[in-house]
Amino acid sequence: MPAKTLIPLLGDQLFLSISSLADQDPDNCIILMMELADETSYVRHHKAKIALILSAMRHHADALCERGWQVDYVKLKDEGNSGSFTGEIARALERYDIDNIRVTEAGEWRVMAEMENWGERFDQKVTICPDDRFLCSHDEFANWAEGKKQLRMEFFYREMRRKTGILLDDDGKPEGGKWNYDNENRKPPPIGDGGDLLTPRPIRFQADDITQQILSLVEENFADHPGTLDNFHFAVTHEEAMRQKRNFLDNALADFGDYQDAMVTDAPFLWHSILSPYINLGLLDPVDLCRDVEARYRDGKAPLNAAEGFIRQIIGWREYVRGIYWREGPDYTRRNHLNAQRDLPDFYYTGDTDMHCVSQAIGQTLDHGYAHHIQRLMITGNFAMLVGVDPHQVHQWYLEVYVDAYEWVEAPNVVGMSQYADGGILASKPYASSGAYINRMSDYCGHCRYNVKTRTDDDSCPFNALYWDFLDRNIDTLKGNPRLAMPYRNWDKKDEDEQQLLRKRANNFLNSL
(Lines give C-alpha, C1' and ligand atoms only; values in the text may rest on other atoms or scores of the structure.)
Protein backbone atom coordinates (compact mmCIF):
# COMPACT_ATOMS: atom_id res chain seq x y z
CA MET A 1 0.00 0.00 0.00
CA PRO A 2 1.35 3.47 -0.86
CA ALA A 3 2.10 5.89 1.98
CA LYS A 4 -0.76 8.20 2.85
CA THR A 5 -1.32 11.80 3.91
CA LEU A 6 -2.18 12.32 7.58
CA ILE A 7 -4.68 15.13 8.09
CA PRO A 8 -5.11 16.13 11.75
CA LEU A 9 -8.47 17.86 12.15
CA LEU A 10 -8.89 20.11 15.18
CA GLY A 11 -12.06 20.38 17.21
CA ASP A 12 -12.95 23.82 15.84
CA GLN A 13 -12.36 22.79 12.20
CA LEU A 14 -15.61 20.93 11.63
CA PHE A 15 -16.10 22.37 8.15
CA LEU A 16 -16.77 19.82 5.45
CA SER A 17 -14.64 21.72 2.94
CA ILE A 18 -11.90 22.80 5.36
CA SER A 19 -8.71 23.79 3.52
CA SER A 20 -6.70 20.75 4.62
CA LEU A 21 -9.18 18.48 2.81
CA ALA A 22 -9.37 20.53 -0.38
CA ASP A 23 -8.26 18.66 -3.54
CA GLN A 24 -7.33 15.56 -1.55
CA ASP A 25 -8.24 12.01 -2.52
CA PRO A 26 -10.07 10.30 0.37
CA ASP A 27 -8.49 6.99 -0.62
CA ASN A 28 -5.02 8.39 0.00
CA CYS A 29 -5.67 10.15 3.32
CA ILE A 30 -6.13 9.39 7.00
CA ILE A 31 -8.06 12.04 8.93
CA LEU A 32 -7.00 12.10 12.57
CA MET A 33 -9.49 13.51 15.08
CA MET A 34 -8.54 13.67 18.74
CA GLU A 35 -10.29 14.34 22.05
CA LEU A 36 -7.47 15.60 24.22
CA ALA A 37 -6.94 16.25 27.90
CA ASP A 38 -4.71 19.21 27.02
CA GLU A 39 -7.55 20.90 25.15
CA THR A 40 -10.36 20.16 27.59
CA SER A 41 -8.42 21.30 30.65
CA TYR A 42 -5.87 24.04 29.80
CA VAL A 43 -8.56 26.26 31.33
CA ARG A 44 -11.64 25.07 33.20
CA HIS A 45 -14.01 25.19 30.24
CA HIS A 46 -17.74 25.37 30.88
CA LYS A 47 -19.21 21.88 30.90
CA ALA A 48 -21.53 22.78 28.04
CA LYS A 49 -18.60 24.00 25.93
CA ILE A 50 -16.76 20.70 26.32
CA ALA A 51 -19.93 18.75 25.59
CA LEU A 52 -20.73 20.81 22.49
CA ILE A 53 -17.28 20.42 20.98
CA LEU A 54 -16.91 16.69 21.70
CA SER A 55 -20.41 15.83 20.50
CA ALA A 56 -19.99 17.93 17.35
CA MET A 57 -16.62 16.26 16.71
CA ARG A 58 -18.08 12.76 16.93
CA HIS A 59 -20.99 13.67 14.68
CA HIS A 60 -18.63 15.31 12.20
CA ALA A 61 -16.45 12.20 12.10
CA ASP A 62 -19.52 10.18 11.12
CA ALA A 63 -20.39 12.72 8.42
CA LEU A 64 -16.87 12.47 6.97
CA CYS A 65 -17.02 8.68 6.95
CA GLU A 66 -20.33 8.82 5.08
CA ARG A 67 -18.56 10.92 2.45
CA GLY A 68 -15.85 8.31 1.96
CA TRP A 69 -13.07 9.59 4.21
CA GLN A 70 -11.12 7.29 6.51
CA VAL A 71 -11.24 8.78 10.00
CA ASP A 72 -9.08 7.61 12.87
CA TYR A 73 -10.95 8.95 15.90
CA VAL A 74 -9.27 8.98 19.32
CA LYS A 75 -11.73 9.33 22.19
CA LEU A 76 -10.89 11.06 25.44
CA LYS A 77 -10.81 7.90 27.55
CA ASP A 78 -9.23 5.58 24.97
CA GLU A 79 -6.34 3.55 26.34
CA GLY A 80 -3.02 5.12 25.42
CA ASN A 81 -4.45 8.56 24.58
CA SER A 82 -1.48 10.86 25.19
CA GLY A 83 -3.67 13.92 25.72
CA SER A 84 -1.81 16.18 23.26
CA PHE A 85 -1.80 16.91 19.53
CA THR A 86 1.86 16.08 19.17
CA GLY A 87 1.54 12.89 21.19
CA GLU A 88 -1.39 11.64 19.12
CA ILE A 89 0.32 12.40 15.83
CA ALA A 90 3.34 10.42 17.06
CA ARG A 91 1.07 7.45 17.83
CA ALA A 92 -0.68 7.76 14.44
CA LEU A 93 2.68 7.66 12.67
CA GLU A 94 3.30 4.33 14.38
CA ARG A 95 -0.04 2.96 13.16
CA TYR A 96 0.16 4.08 9.53
CA ASP A 97 2.65 4.48 6.71
CA ILE A 98 2.56 8.27 6.34
CA ASP A 99 4.65 10.32 3.93
CA ASN A 100 3.36 13.81 4.77
CA ILE A 101 1.17 15.73 7.19
CA ARG A 102 -1.39 18.26 6.02
CA VAL A 103 -3.31 20.49 8.42
CA THR A 104 -5.33 23.71 8.50
CA GLU A 105 -3.67 26.40 10.58
CA ALA A 106 -4.67 26.57 14.24
CA GLY A 107 -6.72 29.43 15.60
CA GLU A 108 -4.47 30.08 18.59
CA TRP A 109 -0.80 30.93 19.07
CA ARG A 110 -0.43 28.09 21.58
CA VAL A 111 -1.47 25.38 19.12
CA MET A 112 0.14 27.04 16.11
CA ALA A 113 3.53 26.89 17.85
CA GLU A 114 3.01 23.15 18.31
CA MET A 115 2.09 22.68 14.64
CA GLU A 116 5.14 24.55 13.42
CA ASN A 117 7.36 22.09 15.29
CA TRP A 118 5.88 18.95 13.74
CA GLY A 119 8.12 18.87 10.66
CA GLU A 120 11.33 18.73 12.67
CA ARG A 121 9.81 16.65 15.43
CA PHE A 122 8.62 13.89 13.09
CA ASP A 123 10.98 14.35 10.15
CA GLN A 124 7.94 14.74 7.90
CA LYS A 125 6.86 17.22 5.27
CA VAL A 126 4.18 19.35 6.98
CA THR A 127 1.85 21.56 4.96
CA ILE A 128 -0.01 24.15 7.06
CA CYS A 129 -2.94 25.40 4.98
CA PRO A 130 -4.51 28.83 5.55
CA ASP A 131 -7.93 28.78 7.17
CA ASP A 132 -10.09 29.94 4.27
CA ARG A 133 -13.22 30.12 6.40
CA PHE A 134 -12.12 33.73 6.91
CA LEU A 135 -12.32 36.47 4.29
CA CYS A 136 -9.13 38.22 5.34
CA SER A 137 -5.77 36.43 5.39
CA HIS A 138 -3.06 37.35 7.88
CA ASP A 139 -1.02 39.04 5.14
CA GLU A 140 -4.04 40.96 3.88
CA PHE A 141 -4.79 42.30 7.35
CA ALA A 142 -1.15 43.21 7.91
CA ASN A 143 -1.11 45.10 4.61
CA TRP A 144 -4.30 46.96 5.54
CA ALA A 145 -2.88 47.88 8.98
CA GLU A 146 0.55 48.91 7.70
CA GLY A 147 1.32 52.56 8.40
CA LYS A 148 -2.00 53.35 10.08
CA LYS A 149 -1.89 55.30 13.36
CA GLN A 150 -5.23 53.81 14.39
CA LEU A 151 -6.72 50.47 13.41
CA ARG A 152 -10.43 51.18 13.40
CA MET A 153 -12.86 48.40 12.62
CA GLU A 154 -15.24 50.66 10.70
CA PHE A 155 -12.77 51.25 7.87
CA PHE A 156 -11.69 47.60 7.78
CA TYR A 157 -15.35 46.58 7.62
CA ARG A 158 -15.89 48.74 4.56
CA GLU A 159 -13.07 46.89 2.82
CA MET A 160 -14.75 43.56 3.58
CA ARG A 161 -18.03 44.87 2.20
CA ARG A 162 -16.27 45.92 -1.00
CA LYS A 163 -14.47 42.59 -1.21
CA THR A 164 -17.68 40.55 -0.95
CA GLY A 165 -20.12 42.96 -2.58
CA ILE A 166 -22.51 42.36 0.32
CA LEU A 167 -25.04 45.18 0.82
CA LEU A 168 -23.65 47.26 -2.02
CA ASP A 169 -25.86 48.85 -4.67
CA ASP A 170 -25.30 48.62 -8.42
CA ASP A 171 -22.81 51.49 -8.28
CA GLY A 172 -20.72 49.81 -5.60
CA LYS A 173 -21.94 52.18 -2.90
CA PRO A 174 -23.34 51.10 0.48
CA GLU A 175 -26.98 50.11 0.41
CA GLY A 176 -29.15 52.93 1.70
CA GLY A 177 -26.34 55.48 1.41
CA LYS A 178 -24.60 54.67 4.70
CA TRP A 179 -22.10 51.99 5.72
CA ASN A 180 -23.27 51.73 9.31
CA TYR A 181 -26.72 51.89 10.91
CA ASP A 182 -25.63 51.32 14.49
CA ASN A 183 -27.39 54.46 15.73
CA GLU A 184 -30.70 52.78 14.86
CA ASN A 185 -29.79 49.62 16.82
CA ARG A 186 -29.89 50.88 20.39
CA LYS A 187 -33.52 50.68 21.43
CA PRO A 188 -34.31 49.70 25.02
CA PRO A 189 -36.46 46.61 25.55
CA PRO A 190 -40.12 47.22 24.54
CA ILE A 191 -41.73 46.48 27.90
CA GLY A 192 -43.40 48.53 30.60
CA ASP A 193 -44.11 47.88 34.23
CA GLY A 194 -45.38 44.36 34.57
CA GLY A 195 -45.11 43.86 30.85
CA ASP A 196 -44.04 40.68 29.16
CA LEU A 197 -41.60 40.41 26.30
CA LEU A 198 -42.66 37.83 23.74
CA THR A 199 -39.53 37.00 21.83
CA PRO A 200 -38.56 34.18 19.46
CA ARG A 201 -36.80 31.20 20.92
CA PRO A 202 -33.83 29.23 19.62
CA ILE A 203 -34.55 25.61 18.79
CA ARG A 204 -33.90 23.23 21.68
CA PHE A 205 -32.36 20.15 20.09
CA GLN A 206 -32.86 16.82 21.80
CA ALA A 207 -29.75 14.84 22.68
CA ASP A 208 -29.25 11.70 20.58
CA ASP A 209 -27.27 8.66 21.76
CA ILE A 210 -23.90 10.23 20.90
CA THR A 211 -24.70 13.42 22.78
CA GLN A 212 -26.07 11.48 25.75
CA GLN A 213 -22.78 9.59 25.97
CA ILE A 214 -20.87 12.88 25.86
CA LEU A 215 -23.03 14.46 28.55
CA SER A 216 -22.32 11.52 30.85
CA LEU A 217 -18.61 11.70 30.01
CA VAL A 218 -18.46 15.39 30.87
CA GLU A 219 -20.39 15.05 34.11
CA GLU A 220 -18.08 12.25 35.20
CA ASN A 221 -14.76 13.81 34.22
CA PHE A 222 -15.28 17.58 34.56
CA ALA A 223 -17.38 17.92 37.68
CA ASP A 224 -15.21 20.78 38.99
CA HIS A 225 -15.64 22.89 35.85
CA PRO A 226 -18.08 25.82 35.87
CA GLY A 227 -21.59 25.67 34.53
CA THR A 228 -24.28 23.07 34.18
CA LEU A 229 -25.47 20.66 31.48
CA ASP A 230 -29.11 20.94 32.54
CA ASN A 231 -29.86 23.34 29.67
CA PHE A 232 -27.80 21.62 26.97
CA HIS A 233 -29.86 21.82 23.78
CA PHE A 234 -27.23 22.93 21.27
CA ALA A 235 -27.04 21.89 17.64
CA VAL A 236 -24.27 19.33 17.17
CA THR A 237 -24.45 18.64 13.43
CA HIS A 238 -24.32 20.69 10.24
CA GLU A 239 -27.98 19.93 9.61
CA GLU A 240 -29.08 21.08 13.06
CA ALA A 241 -26.99 24.24 12.80
CA MET A 242 -28.70 25.00 9.47
CA ARG A 243 -32.09 24.57 11.15
CA GLN A 244 -31.06 27.05 13.84
CA LYS A 245 -29.93 29.47 11.14
CA ARG A 246 -33.28 29.27 9.36
CA ASN A 247 -35.06 29.76 12.68
CA PHE A 248 -33.16 33.00 13.25
CA LEU A 249 -33.72 34.26 9.73
CA ASP A 250 -37.46 33.48 9.87
CA ASN A 251 -38.28 34.57 13.40
CA ALA A 252 -35.69 36.92 14.88
CA LEU A 253 -33.68 38.78 12.23
CA ALA A 254 -36.32 41.43 11.53
CA ASP A 255 -36.16 42.78 15.10
CA PHE A 256 -32.53 41.91 15.80
CA GLY A 257 -31.23 45.34 14.83
CA ASP A 258 -33.59 47.40 16.97
CA TYR A 259 -33.08 45.41 20.16
CA GLN A 260 -29.63 43.85 19.85
CA ASP A 261 -28.35 45.89 22.82
CA ALA A 262 -31.40 45.36 25.06
CA MET A 263 -31.29 43.28 28.24
CA VAL A 264 -34.25 41.74 30.08
CA THR A 265 -34.48 39.80 33.32
CA ASP A 266 -34.74 36.03 32.77
CA ALA A 267 -34.65 36.45 28.98
CA PRO A 268 -31.18 35.29 27.91
CA PHE A 269 -31.68 35.08 24.15
CA LEU A 270 -34.10 37.83 22.99
CA TRP A 271 -33.64 38.32 19.20
CA HIS A 272 -30.05 37.10 19.05
CA SER A 273 -29.12 34.37 16.61
CA ILE A 274 -27.19 32.03 18.97
CA LEU A 275 -25.17 31.03 15.91
CA SER A 276 -21.65 32.06 16.98
CA PRO A 277 -20.88 28.64 18.53
CA TYR A 278 -21.62 26.95 15.21
CA ILE A 279 -19.74 29.50 13.10
CA ASN A 280 -16.65 29.18 15.28
CA LEU A 281 -16.79 25.37 15.25
CA GLY A 282 -17.17 25.23 11.48
CA LEU A 283 -20.74 23.95 11.36
CA LEU A 284 -21.88 27.11 9.52
CA ASP A 285 -20.23 29.12 6.75
CA PRO A 286 -20.07 32.76 7.94
CA VAL A 287 -20.11 34.35 4.48
CA ASP A 288 -23.02 32.19 3.32
CA LEU A 289 -24.86 33.27 6.47
CA CYS A 290 -24.26 36.94 5.63
CA ARG A 291 -25.50 36.42 2.08
CA ASP A 292 -28.66 34.78 3.46
CA VAL A 293 -29.21 37.80 5.72
CA GLU A 294 -28.69 40.13 2.75
CA ALA A 295 -31.23 38.11 0.74
CA ARG A 296 -33.83 38.56 3.49
CA TYR A 297 -33.28 42.31 3.33
CA ARG A 298 -33.58 42.40 -0.46
CA ASP A 299 -36.75 40.29 -0.30
CA GLY A 300 -38.30 42.82 2.11
CA LYS A 301 -38.27 40.41 5.06
CA ALA A 302 -35.79 42.31 7.23
CA PRO A 303 -35.03 46.04 7.57
CA LEU A 304 -31.66 47.41 6.52
CA ASN A 305 -30.56 48.31 10.06
CA ALA A 306 -31.05 44.67 11.16
CA ALA A 307 -29.30 43.15 8.14
CA GLU A 308 -26.38 45.58 8.22
CA GLY A 309 -25.96 45.29 12.00
CA PHE A 310 -25.78 41.52 11.83
CA ILE A 311 -23.48 41.42 8.81
CA ARG A 312 -21.12 43.95 10.44
CA GLN A 313 -20.65 41.61 13.40
CA ILE A 314 -19.59 38.76 11.09
CA ILE A 315 -17.53 40.17 8.22
CA GLY A 316 -16.56 43.30 10.12
CA TRP A 317 -15.96 42.69 13.80
CA ARG A 318 -15.24 38.94 13.71
CA GLU A 319 -12.67 39.30 10.93
CA TYR A 320 -11.18 42.42 12.52
CA VAL A 321 -10.54 40.90 15.96
CA ARG A 322 -8.92 37.87 14.35
CA GLY A 323 -6.60 40.20 12.49
CA ILE A 324 -5.71 42.04 15.69
CA TYR A 325 -5.05 38.76 17.54
CA TRP A 326 -2.54 37.46 15.01
CA ARG A 327 -0.94 40.85 14.40
CA GLU A 328 -0.29 41.59 18.09
CA GLY A 329 1.42 38.31 18.98
CA PRO A 330 1.23 35.66 21.70
CA ASP A 331 1.86 38.14 24.54
CA TYR A 332 -1.40 39.99 23.82
CA THR A 333 -3.31 38.26 26.61
CA ARG A 334 -0.78 39.61 29.15
CA ARG A 335 -1.26 43.27 28.26
CA ASN A 336 -2.24 45.46 31.24
CA HIS A 337 -2.23 49.10 30.17
CA LEU A 338 -4.13 50.29 33.27
CA ASN A 339 -2.02 48.20 35.67
CA ALA A 340 -5.10 46.51 37.14
CA GLN A 341 -4.17 44.02 39.87
CA ARG A 342 -7.34 43.00 41.74
CA ASP A 343 -8.39 39.33 41.73
CA LEU A 344 -11.58 38.37 39.92
CA PRO A 345 -14.41 38.30 42.50
CA ASP A 346 -15.62 34.84 43.46
CA PHE A 347 -19.18 35.62 42.37
CA TYR A 348 -18.08 35.41 38.73
CA TYR A 349 -18.29 31.64 39.26
CA THR A 350 -21.56 31.65 41.22
CA GLY A 351 -23.62 34.69 40.20
CA ASP A 352 -24.22 35.27 43.91
CA THR A 353 -24.29 39.07 44.15
CA ASP A 354 -26.92 41.67 45.03
CA MET A 355 -26.19 43.58 41.81
CA HIS A 356 -29.10 42.27 39.77
CA CYS A 357 -27.54 43.06 36.38
CA VAL A 358 -24.34 41.20 37.23
CA SER A 359 -26.25 38.31 38.78
CA GLN A 360 -28.39 38.01 35.65
CA ALA A 361 -25.46 38.11 33.21
CA ILE A 362 -23.36 35.64 35.18
CA GLY A 363 -26.31 33.41 36.08
CA GLN A 364 -27.35 32.88 32.47
CA THR A 365 -23.70 32.41 31.52
CA LEU A 366 -23.38 29.54 33.99
CA ASP A 367 -26.75 28.12 32.94
CA HIS A 368 -26.31 28.34 29.17
CA GLY A 369 -22.67 29.14 28.41
CA TYR A 370 -24.04 32.21 26.68
CA ALA A 371 -24.58 35.94 27.15
CA HIS A 372 -24.97 38.46 24.37
CA HIS A 373 -22.40 41.10 23.47
CA ILE A 374 -23.77 43.95 25.61
CA GLN A 375 -24.04 41.74 28.69
CA ARG A 376 -20.42 40.69 28.16
CA LEU A 377 -19.14 44.21 27.42
CA MET A 378 -21.23 46.54 29.58
CA ILE A 379 -22.09 44.31 32.56
CA THR A 380 -19.43 41.70 33.39
CA GLY A 381 -16.63 43.37 31.44
CA ASN A 382 -17.45 46.90 32.52
CA PHE A 383 -17.66 45.87 36.18
CA ALA A 384 -14.31 44.05 36.06
CA MET A 385 -12.62 47.07 34.50
CA LEU A 386 -14.20 49.55 36.92
CA VAL A 387 -12.99 47.62 39.97
CA GLY A 388 -9.54 47.02 38.45
CA VAL A 389 -9.42 43.25 37.95
CA ASP A 390 -6.23 41.83 36.43
CA PRO A 391 -7.18 41.61 32.72
CA HIS A 392 -5.51 38.23 32.31
CA GLN A 393 -7.87 36.80 34.92
CA VAL A 394 -10.81 38.39 33.10
CA HIS A 395 -9.54 36.91 29.82
CA GLN A 396 -9.30 33.46 31.36
CA TRP A 397 -12.84 33.67 32.76
CA TYR A 398 -14.33 34.60 29.39
CA LEU A 399 -12.36 31.83 27.71
CA GLU A 400 -13.71 29.36 30.24
CA VAL A 401 -17.39 30.17 30.47
CA TYR A 402 -18.66 30.88 26.94
CA VAL A 403 -19.33 28.07 24.48
CA ASP A 404 -18.29 30.26 21.53
CA ALA A 405 -15.00 31.39 23.12
CA TYR A 406 -11.76 30.59 21.34
CA GLU A 407 -8.70 32.67 22.12
CA TRP A 408 -8.41 34.33 18.68
CA VAL A 409 -11.87 35.89 19.06
CA GLU A 410 -12.18 36.11 22.85
CA ALA A 411 -8.84 37.75 23.72
CA PRO A 412 -9.20 40.90 21.58
CA ASN A 413 -12.80 41.32 22.73
CA VAL A 414 -11.74 41.10 26.39
CA VAL A 415 -8.19 42.43 26.56
CA GLY A 416 -8.77 45.16 23.97
CA MET A 417 -12.48 46.04 23.90
CA SER A 418 -13.70 45.15 27.38
CA GLN A 419 -10.68 45.90 29.60
CA TYR A 420 -8.76 48.48 27.50
CA ALA A 421 -5.66 46.53 28.51
CA ASP A 422 -4.00 46.95 25.11
CA GLY A 423 -3.93 50.73 25.53
CA GLY A 424 -6.25 51.56 22.65
CA ILE A 425 -5.03 49.32 19.83
CA LEU A 426 -8.52 47.91 19.37
CA ALA A 427 -10.87 50.40 21.08
CA SER A 428 -10.57 54.17 20.95
CA LYS A 429 -11.60 54.55 24.60
CA PRO A 430 -12.41 52.39 27.64
CA TYR A 431 -16.00 51.16 27.52
CA ALA A 432 -16.76 52.36 31.05
CA SER A 433 -20.24 53.35 32.16
CA SER A 434 -22.24 54.06 35.28
CA GLY A 435 -25.56 52.45 36.11
CA ALA A 436 -27.40 54.93 33.88
CA TYR A 437 -26.54 53.02 30.72
CA ILE A 438 -27.66 49.72 32.24
CA ASN A 439 -30.91 51.32 33.38
CA ARG A 440 -31.55 52.73 29.91
CA MET A 441 -30.94 49.45 28.08
CA SER A 442 -32.55 46.95 30.47
CA ASP A 443 -35.17 46.30 33.12
CA TYR A 444 -32.47 45.14 35.54
CA CYS A 445 -32.39 48.17 37.80
CA GLY A 446 -36.09 47.86 38.62
CA HIS A 447 -35.38 44.45 40.17
CA CYS A 448 -32.26 45.48 42.12
CA ARG A 449 -31.86 46.35 45.80
CA TYR A 450 -29.46 49.14 44.83
CA ASN A 451 -30.71 52.58 43.78
CA VAL A 452 -29.49 53.48 40.30
CA LYS A 453 -30.56 57.12 40.76
CA THR A 454 -28.09 57.90 43.57
CA ARG A 455 -24.31 57.77 43.75
CA THR A 456 -22.94 58.10 47.28
CA ASP A 457 -25.53 56.51 49.59
CA ASP A 458 -25.00 53.10 51.16
CA ASP A 459 -27.62 51.63 48.81
CA SER A 460 -26.49 53.51 45.70
CA CYS A 461 -25.79 51.47 42.59
CA PRO A 462 -22.11 50.47 42.86
CA PHE A 463 -21.54 51.20 39.17
CA ASN A 464 -22.14 54.92 39.77
CA ALA A 465 -19.34 55.59 42.25
CA LEU A 466 -17.08 52.98 40.65
CA TYR A 467 -17.34 54.79 37.32
CA TRP A 468 -16.05 58.08 38.74
CA ASP A 469 -13.46 56.31 40.86
CA PHE A 470 -12.20 54.50 37.74
CA LEU A 471 -11.71 57.81 35.93
CA ASP A 472 -10.04 59.38 38.95
CA ARG A 473 -7.81 56.37 39.61
CA ASN A 474 -6.59 56.31 36.01
CA ILE A 475 -6.47 60.06 35.38
CA ASP A 476 -2.77 60.15 34.51
CA THR A 477 -3.23 57.46 31.87
CA LEU A 478 -6.61 58.42 30.42
CA LYS A 479 -7.14 62.17 30.67
CA GLY A 480 -5.38 62.82 27.37
CA ASN A 481 -7.89 60.64 25.49
CA PRO A 482 -10.08 63.05 23.49
CA ARG A 483 -13.10 60.76 23.80
CA LEU A 484 -12.94 61.13 27.58
CA ALA A 485 -12.67 64.91 27.58
CA MET A 486 -16.29 65.44 28.61
CA PRO A 487 -16.31 62.92 31.48
CA TYR A 488 -13.15 64.45 32.88
CA ARG A 489 -14.60 67.96 32.56
CA ASN A 490 -17.62 66.74 34.53
CA TRP A 491 -15.32 65.24 37.17
CA ASP A 492 -13.40 68.49 37.47
CA LYS A 493 -16.66 70.41 37.97
CA LYS A 494 -17.52 68.39 41.07
CA ASP A 495 -16.49 70.03 44.31
CA GLU A 496 -13.96 68.35 46.57
CA ASP A 497 -16.63 67.12 49.00
CA GLU A 498 -18.56 65.28 46.27
CA GLN A 499 -15.39 63.78 44.86
CA GLN A 500 -14.44 62.53 48.30
CA LEU A 501 -17.89 61.01 48.84
CA LEU A 502 -17.64 59.18 45.51
CA ARG A 503 -14.18 57.89 46.38
CA LYS A 504 -15.43 56.76 49.81
CA ARG A 505 -18.48 54.95 48.38
CA ALA A 506 -16.30 53.21 45.78
CA ASN A 507 -13.66 52.30 48.35
CA ASN A 508 -16.22 50.85 50.76
CA PHE A 509 -17.66 48.71 47.99
CA LEU A 510 -14.24 47.56 46.80
CA ASN A 511 -13.35 46.57 50.36
CA SER A 512 -16.56 44.51 50.52
CA LEU A 513 -15.34 42.39 47.58
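This is a predicted model: local features need pLDDT of at least 70, side-chain atom pairs count only at pLDDT 80 or more; totals for chains, interfaces and linings use all residues.
Local features here require pLDDT of at least 70 and side-chain atom pairs count only at pLDDT 80 or more, whereas totals for chains, interfaces and linings use all residues. Residues are numbered from 1 along each chain as its sequence is written, and side-chain values use heavy atoms, with hydrogens and water left out.

The structure holds 30 salt bridges, each defined as a side-chain nitrogen of Lys or Arg within 4 Å of a carboxyl oxygen of Asp or Glu. Side chains of opposite charge can pair when their charged atoms come close.

Start by selecting Arg 298 and Glu 294. Their closest N and O atoms are 3.2 Å apart. Both lie in helix α12, residues 286-298 (helices are DSSP runs of H or I, at least four residues, numbered from the N terminus). Arg 298 is partly exposed at 42% relative accessibility, and Glu 294 is buried at 11% (buried means under 20% relative accessible area, exposed over 50%, partly exposed in between, with a 1.4 Å probe and protein chains only).

Next, select Arg 335 and Glu 328. This salt bridge has its closest N and O atoms 3.2 Å apart. Glu 328 is buried, with 16% relative accessibility.

Then move to Glu 498 and Lys 494, where the closest N and O atoms of the salt bridge are 3.7 Å apart. Glu 498 is partly exposed at 23% relative accessibility; Lys 494 is buried at 12%.

Last, select Asp 182, Arg 186, Glu 308 and Arg 312 together: salt bridges with shared partners join these residues into one network.

Conventions: Helices (H or I, at least four residues) and strands (E, at least two) are DSSP runs, numbered from the N terminus.
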